[in-house]
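Me: I'd like to go through this model and ask where the labels come from. Can you take me through it step by step?

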Amino acid sequence: MLLSLILILVLGTHYSTGLSEVFSRAAEHGRIEFFNFDPDPTTRHSVFSVIIGGFFYWTSMFCTNQASVQKCMSLKSLKTAKLALYFSLIGLIAVFLMNFYTGLMTFAHYSDCDPLAAGQITAKDQLLPFYVMDVFGHIKFMAGIFVAGIFAASLG
């Protein structure tokens, strides 16, 4: 999964627009919001909804999820369990940041032409597979690595 994600990031940055162009296109289209302090709970992403909602979601995933609890209980000591949770948190943040950048990179590539509106895809969740085939279709192993990454993510 990680190999697939890293390949998409590296090759996408190389073949599409470049790192600075990804962020400049996202900024000019209003796709980057770091400090939205709107207290309205119906706002999709605000500082409050991300922090409060994220706290309860990830606390439930790490503290009450059976798989997480079993993994922590199988460790030798509380110190080792805490260390494992810290490493898990670092990995989680890294994967989220890579996913956010993948979205920005895909947006930057198609910022002038919407594949959904053009009829090239029929649903929004087809955008990343379409991007992989559109941009990396000439690289023989890329489609296979992408599918393997999807299966690895679904099994994890």
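Reply: Let's start with a word we'll need: a residue is buried when its relative accessible area is under 20%. This is a predicted model, and buried residues make up 26% of the 156 residues in the protein chain.

Me: What elements is the protein chain built from?

Reply: From the N terminus on, the elements run α-α-α-α-α-α-α. That gives 7 helices and 0 strands. Along its principal axes, the C-alpha trace spans about 55 × 45 × 30 Å.

Me: Why is W58 called partly exposed?

Reply: Buried needs a value under 20%, and exposed needs one over 50%. W58 has 27% relative accessibility, so it counts as partly exposed. You'll find W58 in helix α3, residues 47-63.

Me: Which residues does W58 touch, leaving out those up to four places away in sequence?

Reply: W58 touches L92 and F96.

Me: What makes α2 and α5 roughly perpendicular?

Reply: Angles of 65 to 115 degrees get that label. The axes of α2 (residues 19-28) and α5 (residues 78-109) cross at roughly 80° and come within 9 Å. Therefore α2 and α5 are roughly perpendicular to each other.

Me: Which residues make that contact?

Reply: On α2 they are L19, V22, F23, R25 and A26, and on α5 they are Y101, L104, M105, F107 and A108. By class, that's 9 nonpolar, no polar and 1 charged residues.

Me: How do you know that the span of α7 is close to what's expected?

Reply: Helix α7 (residues 142-155) has 14 residues, and 20 Å is expected at 1.5 Å a residue. From its first C-alpha to its last, α7 reaches 20 Å.

Me: Which residues of α7 are buried?

Reply: In α7, M142, F146 and G149 are buried. They cover an arc of only 60° around the axis, which puts them on the same side of α7. Here's the general idea: an α-helix has 3.6 residues a turn, so residues three or four places apart point the same way.

Me: What do the buried residues of α7 pack against, and what does the face turned away carry?

Reply: The buried residues of α7 pack against α1 (2-15) and α6 (127-136). The face turned away from the buried side carries the exposed residues F151, S154 and L155.

Key: Residues are numbered from 1 along each chain as its sequence is written. This is a predicted model: local features need pLDDT of at least 70, side-chain atom pairs count only at pLDDT 80 or more; totals for chains, interfaces and linings use all residues. Side-chain values use heavy atoms; hydrogens and water are left out. Helices (H or I, at least four residues) and strands (E, at least two) are DSSP runs, numbered from the N terminus. The expected span of a helix is 1.5 Å times one less than its number of residues. Buried means under 20% relative accessible area, exposed over 50%, partly exposed in between (1.4 Å probe, protein chains only). The arc is that of the directions from the helix axis to the C-beta atoms. Contact means heavy atoms within 4.5 Å. Axes are lines fitted to C-alpha atoms, for helices over the stretch in contact, and angles run from 0 to 180 degrees between N-to-C directions. Angles under 35 degrees count as roughly parallel, over 145 as roughly antiparallel, 65 to 115 as roughly perpendicular and the rest as oblique. Ala, Val, Leu, Ile, Met, Phe, Trp, Tyr, Cys and Pro count as nonpolar, Asp, Glu, Lys and Arg as charged, and the others, Gly among them, as polar.
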